[in-house]
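Me: I would like to go through this model piece by piece. Please keep the answers plain and give the cut-offs as the terms come up.

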Amino acid sequence: MEVKNRFRQFGLVGKNISFSFSRKYFSAKFQQLQITHCDYTNFDLQQINEINKVFSIESLVGFNVTIPYKEQIIPFLDSMSSEALEIGAVNVVHITDEKKKIGYNTDGYGFEKSLMESMENLPEHALILGTGGASKAIEYVLKKNKISYTFVSRSPRKKNQILYQDLSHQMFKQRLLIVNTTPLGTYPHVDTYPDIPYHYLNEKHLLYDLVYNPETTQFLKRGIEKGSQIIRGLKMLIYQADKAWEIWNTQP
């Protein structure tokens, strides 16, 4: 809980994050809950080594982590939660009173909660577009819920990864969850979108976009045109942010 008269610094670590949701969201939360002596700042780093400047802030309690540092942050931490270890990516860091830097992953929580709210019957298979840090949380949730999956990448490097041009009509004949974990479509590049065969989409498909700005991306719009169900990224973002706030205020 908040300690009276103790200033607490929070923030977001990422690259080119001036349009990020987090600062506005947490600033509004502070006002709504009438929390004083708190601030939320964007720490826009051009390279991960600059994180040491952030860690040197005496009042720092915790921060969110976004693209491209969800994996790069790990060597700078003292420990990680079991879930973050299994996922292999961190999007929340908590600084304890003893100045220990602990990594957590709330992306998986946000994705799973928003997915379960939107679907009564989960599909048997999913396509994960992209192989960055965010995709690892999606993989974790799909495994947990026994949904098979295939990664789609511009440069596959591992088993169970295919090229976009390898997406076949046969794959789209089943009930299918398609999750965009890439930044394609993010403001201000709103006309970009993952290069999947949208002409194969139909009402059996669910498109989930982790991009939240704009609210309805080109990826989602193309799904709507084909009758597919969609889930916007804002819901996941809110759930993972609220979980981060819980961690910062309840973890030892």
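Me: Where does P68 lie?
Reply: P68 lies in the loop between β3 and β4 (79-80). Strands here are DSSP runs of E with at least two residues, helices are runs of H or I with at least four, and both are numbered from the N terminus. This is a predicted model, in which local features need pLDDT of at least 70 and side-chain atom pairs count only at pLDDT 80 or more, while totals for chains, interfaces and linings use all residues. Residues are numbered from 1 along each chain as its sequence is written, and side-chain values use heavy atoms, with hydrogens and water left out.

Me: What kind of peptide bond joins I67 and P68?
Reply: A cis bond, with omega about 5°. The peptide bond from N213 to P214 is also cis, with omega near 10°.

Me: And where is P214 found?
Reply: P214 is in the loop between β11 and α6 (218-225). Y187 touches P214, along with F19 and N213, when residues up to four places away in sequence are not counted. Contact here means heavy atoms within 4.5 Å.

Me: Changing topic to strands: which residues of β5 are buried?
Reply: In β5 (residues 92-95), V92 and H94 on one side and V93 and I95 on the other are all buried, and both faces are covered.

Me: Which strands pair with β5, and in what sense?
Reply: Strand β3 (residues 60-65) runs antiparallel to β5, and three bridges join them. Strand β6 (residues 101-104) pairs with β5 in the antiparallel sense over four bridges. Two strands pair if DSSP finds at least two bridges between them.

Me: How many residues are between β5 and β6 in the hairpin?
Reply: Five residues, and K99 in the turn has a positive phi of about 65°. K99 is a residue other than glycine. With a relative accessible area of 37%, K99 is partly exposed.

Me: Where is Q34, and what is its phi?
Reply: Q34 is in the loop between α1 and β2 (38-44). Its phi is positive, about 55°, although Q34 is not a glycine. Q34 is exposed, with a relative accessible area of 70%.

Me: On to helices. At what angle do α4 and α7 cross?
Reply: Helix α4 (residues 107-118) and helix α7 (residues 233-250) cross at roughly 135°, and their axes come within 8 Å. Axes are lines fitted to C-alpha atoms, for helices over the stretch in contact, and angles run from 0 to 180 degrees between N-to-C directions.

Me: Why are they called oblique?
Reply: Angles under 35 degrees count as roughly parallel, over 145 as roughly antiparallel, 65 to 115 as roughly perpendicular and the rest as oblique. The α4 and α7 pair is therefore oblique.

Me: Which residues make the contact?
Reply: From α4 they are D107, Y109, G110, F111, K113, S114, E117 and S118, and from α7 they are K235, M236, Y239, Q240 and K243. These divide into four nonpolar, four polar and five charged. Ala, Val, Leu, Ile, Met, Phe, Trp, Tyr, Cys and Pro count as nonpolar, Asp, Glu, Lys and Arg as charged, and the others, Gly among them, as polar.

Me: How do α1 and α7 pack?
Reply: Helix α1 (residues 22-32) and α7 pack at an angle of about 55°, with their axes 11 Å apart. The contact is made by Y25, F26, K29 and F30 of α1 and I238, A241, D242, W245 and W248 of α7. By class, that contact has seven nonpolar, no polar and two charged residues.

How values were computed
Buried < 20%, exposed > 50% of the residue type's maximum accessible area, 1.4 Å probe, protein only.
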